Amino acid sequence: METTNSVDIRLPQTDDIDSTGINTPELEKIQAIVVVDPWSTGNKLCELILQRGLELIVVWEEGNVRSNVMKARAVIEHCRSDDSDLDEEKTIGKLQQLQHGTDIQISCIIPGSETGVLLAEKLAYRFGLPSNSPKLGLARRNKYFMGEAIRAAGVRAVQQTIASEWNEVEKFLASFKPDPFKIVVKPNLGAGSDDVFMCDSVEKVKSAFFKINGSINSLGIKNDGVLIQEFLSGKEYVIDTMTRHGHHKIIQMWEYDKRQANGRFNVYFGQFPHIITSELQHQLKDYVVSVLDALEVKNGPGHAEVIMTETGPCLVEIGCRCHGGNASWFQVAREFAGQDQLNAVIDGFTSEEAFRRIPDFVTSYNKYGRVVDLVAYEQKQILEIPGINFVKSLKSFNRINLFKNVGDVLDITVDCNTTPGEVILIHSDKNQVDKDFEQIHALLKKGFFVFDEDLNSLEESCVSSQDGDSSCDE
């Protein structure tokens, strides 16, 4: 939707200069931040911008405007988020119309989600604001081109191909010859482990290929082609960054806890933060900086996922936007290191001094924490959720957020979109957090949710999972 009082802001034009060469008087400008497609964590970013008393302009995909940003100074619709059909000229015109003759001056344009990356970069570049060169714009969004771009720059990259026909996949497999046979098949423009398969046979690769090719992914984008990649064996890390004028800062390093469950190899069980002090952590840090340089990231956030293999770090993918997951990690980051990526992004775009005060990377922490991704093992209607009281009794409990309630039918968890909820654990004692984390996942296998079983099974599960440390509150 468009606001009825929207008037256009534009950069100074020749019409603003009189015959003496001096700018004609203008209204005193108030700086405004534009956020493009603020899904998920982007909503939290908007909230923080408004909390600082800054003006907010939201650019939403046409037809998907959300009411949770109605405090924005203006809401503008753009023509689709599909990377192949961006009408930035229309959006530029609306932003210019908004800016002209008002007290607003656009100071920066930030992507609010993966779908906003390309448009935000294009708009910022056209407005002459801090951005990145359009030359590698597609490589900062498209996973296949991303891998090829960093390979061309001499940075370790995954072996891969992109295919829209099955014979192209067969050709890649014949030349690559993985031993042992492990191949990852996934959407080229997906997110959140949506339709990511690890296949140990040609037959399974073929099944995954035809499931993905031509389907609509979790971002609402058609999968035109499928990414076929080597399987990277090792722990997976996340490095959240902010860059200002080419100066990269590692705001937070995380480790994903992914495990085999429900027939999938990479189900999210949670994530936890790291300080950067060991040789391994410095390797990861330096590798991600090389990835950012290879992709010519000069300004803005980054969310890199990296596998530490036997031969060193290798990129899974990097999003030129903030860490997603509805910002469930936000409080853990704040308690851990006293900083977070969202505030770092606002600082980096609005204040050179504030950005300078952010350390290049984190070397110590205050409190430890974990994000617990709940895993459902059965597809049944929920009768009760006694696990809530159990979680609240834990010493490191901070917050619980359930996506399923009594009466709902659980989905078996296979990716981010099918988790039934999340728990935030924070405590000064790392061992306590780790213990509570495992207790929650133990209870999820039997007793967290009650279906048609006897409620007495909960008590047995609680006692077993806590080894007599405490009992569940009924």
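## Aromatic pairs

The count of aromatic pairs here comes to 13, and the model they come from is a predicted one. A pair of rings like this is described by how far apart the centres are and by the angle of the planes.

Another edge-to-face pair joins W254 and W329, with 6.4 Å between the centres and 70° between the planes. Here the partners are 75 residues apart, and the pair again links distant parts of the chain: W254 belongs to strand β10 (residues 247-261), and W329 lies in the loop between β13 (312-319) and α8 (330-337). Both W254 and W329 are buried. Beyond these pairs, W166, F209 and F210 form one aromatic cluster.

## Charges over rings

Which lysine puts its charged end over the ring of F330? That is K44, whose charged end sits 4.6 Å from the ring centre. There is also an arginine example: the charged end of R370 sits over the ring of F437, at 4.2 Å from its centre.

## Helix α5

Now for the helix that W166 belongs to. In α5 (residues 166-176), the buried residues are W166, V169, F172 and L173. Looking down the axis of α5, these buried residues fall within an arc of 120°, so they line one face of the helix.

What do the buried residues of α5 pack against? Their partners are β5 (160-163), β6 (183-187), α6 (202-212) and β8 (226-230).

Carry on into strand β6 and you find P187, which is buried, with a relative accessible area of 2%. P187 and N217 are 30 residues apart in sequence, yet their C-alpha atoms are 7.5 Å apart in space.

## Another positive phi

D37 is one more residue that has a positive phi although it is not a glycine, with a value of about 55°. D37 is found in the loop between β1 and α1. Is D37 buried or exposed? At 0% relative accessibility, D37 is buried, since anything under 20% counts that way.

## Helix α8

The buried residues of α8 are F330, V332, A333 and F336. Around the axis they cover an arc of only 165°, which puts them on the same side of α8. The elements covering these buried residues include helices α1 and α9 (341-350), along with strands β10, β11 (264-274), β14 (368-373) and β16 (421-427). Just past the end of α8, G338 takes a positive phi of about 75°.

## Cavities

How many cavities of 30 Å³ or more does the structure hold? The number is 4. The second largest cavity has a volume of about 90 Å³. Its lining is made up of 13 residues, and those nearest the centre are I109, P111, E121, N132 and N299.

By element, two or more residues of the lining of the second largest cavity come from each of β4 (104-111), α3 (117-126) and β12 (300-309). Which element gives the most to this lining? That would be α3, with 3 residues.

Key: Residues are numbered from 1 along each chain as its sequence is written. This is a predicted model: local features need pLDDT of at least 70, side-chain atom pairs count only at pLDDT 80 or more; totals for chains, interfaces and linings use all residues. Side-chain values use heavy atoms; hydrogens and water are left out. Buried means under 20% relative accessible area, exposed over 50%, partly exposed in between (1.4 Å probe, protein chains only). Helices (H or I, at least four residues) and strands (E, at least two) are DSSP runs, numbered from the N terminus. The arc is that of the directions from the helix axis to the C-beta atoms. Contact means heavy atoms within 4.5 Å. Rings of Phe, Tyr and Trp (its six-membered ring) pair if their centres lie within 6.5 Å; planes under 30 degrees apart count as stacked, over 60 as edge-to-face and the rest as tilted. A charge sits over a ring if NZ of Lys or CZ of Arg is within 6 Å of the ring centre and within 35 degrees of the ring normal. On a 1 Å grid over the protein atoms alone, a cavity is a set of points where a 1.4 Å probe fits but cannot get out, and a pocket is an open set with protein on both sides within 12 Å along at least five of seven lines; lining residues have an atom within 4 Å of a point. Grid points are joined across faces, edges and corners, and a volume is the space filled by probe spheres set on the points.
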